[in-house]
Amino acid sequence: MEQLFSGKTIVITGAASGIGKATAQLFAAKGGNVVVSDVNATGGIQTVAEITAAGGQAVFFQANVGSAEEVNQLMDFAVSHYGRLDVGINNAGVGGPRMRLGEISAEEFHDIMNINLNGVFYCMQAQLRHMLKAKGGIIVNVSSVAGMKALPLSAAYSASKHAVLGLTRTAAVEYARKNIRINAVCPVFTRSAMVDKMFEIDPRLEEKLVQSIPLGRYGQPEDIAAGIAWLCSAEAAFVTGLCLPIDGGLTA
């Protein structure tokens, strides 16, 4: 595989499984030095083990993106370990309970927003500090098709993902003249632990939701990882502020 990210340092949150893990594996296969981060240490360490077994470079750092202090420690670690921070991929997120807006508790709402929105904010601020010193960098935030349209019974999740797109677009404009490109991807339902858990709770959803995707299948983590890698590549050097649907045609 072409070594597109040789010598580059990439921090990926939520990389113990799903999209984050597939993205970590892809960037490592393309020559990057990957910092795998997650609250799930067992899964994160396994991701690193699989990368290194395949000949790639990766280390694990446990962090909860809902804590600004832990996020700052994560980004500082990346720079101290590999000497630089080139790419930040802010993927960590939670789904939350499926219920109508009037039924969700304030605590549940704030918990979802803290990880999905505050976590991205904390990561971007910490990444930008290092990238401004280095005079350049790339950030990709993982939103969702639920950040582009309604997702009934998931108001808090949808609100958090809409907000991530607001952060992405605004920061992209603010930092474009600083040689920092900031984009987002908006995946459709992607086969991951979070989505599989949703189908376990309501098995009817699996067949119902796939019918809404014109390409007729759910996303795979590798589909989303490929889009993220493109946004971070030289081929996307003139792309910033983009919110890229990777959704099998759903939003169309």
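# Reading strands, pockets and loops in a predicted model

Q: This is a predicted model. Which strands pair with β2, and in which sense?
A: In this model, β2 and strand β3 (residues 57-62) pair in the parallel sense, over 6 bridges. Within that pairing, Ser37 stands opposite Phe61 in β3. β2 also pairs with strand β1 (residues 9-12), again in the parallel sense, over 4 bridges. There, Val11 stands opposite Val35 in β2.

Q: Through which helix does the chain cross from β2 to β3?
A: The path runs through helix α2 (residues 41-53), and this β-α-β crossover is right-handed. A right-handed β-α-β unit is also made by β1, α1 and β2.

Q: How many residues of β2 are buried?
A: β2 is mostly covered, with 6 of its 6 residues buried. Asn33, Val35 and Ser37 point one way from the strand, while Val34, Val36 and Asp38 point the other way, and all are buried.

Q: How does one find empty space in a structure?
A: A probe the size of a water molecule is rolled over the atoms, and this shows where space is left empty. Here the largest pocket has a volume of about 1100 Å³. Its lining is made up of 43 residues, and Gly93, Val94, Gly95, Ser192 and Met194 are the ones that lie nearest the centre.

Q: Which elements give two or more residues to the lining of the largest pocket?
A: They are α1 (18-29), β2 (33-38), α5 (155-175) and α6 (193-201). α6 gives the most, with 6 residues. Sorted by class, the lining of the largest pocket has 22 nonpolar, 17 polar and 4 charged residues.

Q: What is the volume of the second largest pocket?
A: The second largest pocket has a volume of about 530 Å³. It is lined by 24 residues, and those closest to its centre are Ile138, Arg181, Cys232, Ser233 and Ala234. Two or more residues of this lining come from each of β5 (137-142), β6 (180-187) and α8 (221-231). By class, the lining of the second largest pocket divides into 13 nonpolar, 5 polar and 6 charged residues.

Q: Where is Asn91 found?
A: Asn91 is in the loop between β4 (87-90) and α4 (106-134).

Q: Where is the place of Leu153, and how does its accessibility count?
A: Leu153 sits in the loop between β5 and α5.

Q: Where is the place of Asn179, and how does its accessibility count?
A: Asn179 is in the loop between α5 and β6. Exposed means over 50%. Asn179 counts as exposed because its relative accessibility is 54%.

Conventions:
Residues numbered from 1 in each chain as written. Predicted model: local features only at pLDDT ≥ 70, side-chain atom pairs only at ≥ 80, totals over all residues. Heavy atoms only, no water. 1 Å grid on protein atoms, 1.4 Å probe; cavity = no way out; pocket = protein on both sides within 12 Å on 5 of 7 lines; lining within 4 Å. Points joined across faces, edges and corners; volume = space filled by probe spheres on them. Nonpolar A, V, L, I, M, F, W, Y, C, P; charged D, E, K, R; others polar. Buried < 20%, exposed > 50% of the residue type's maximum accessible area, 1.4 Å probe, protein only. Pairing = 2+ DSSP bridges. Right-handed = clockwise from strand over helix to strand, strands pointing away.
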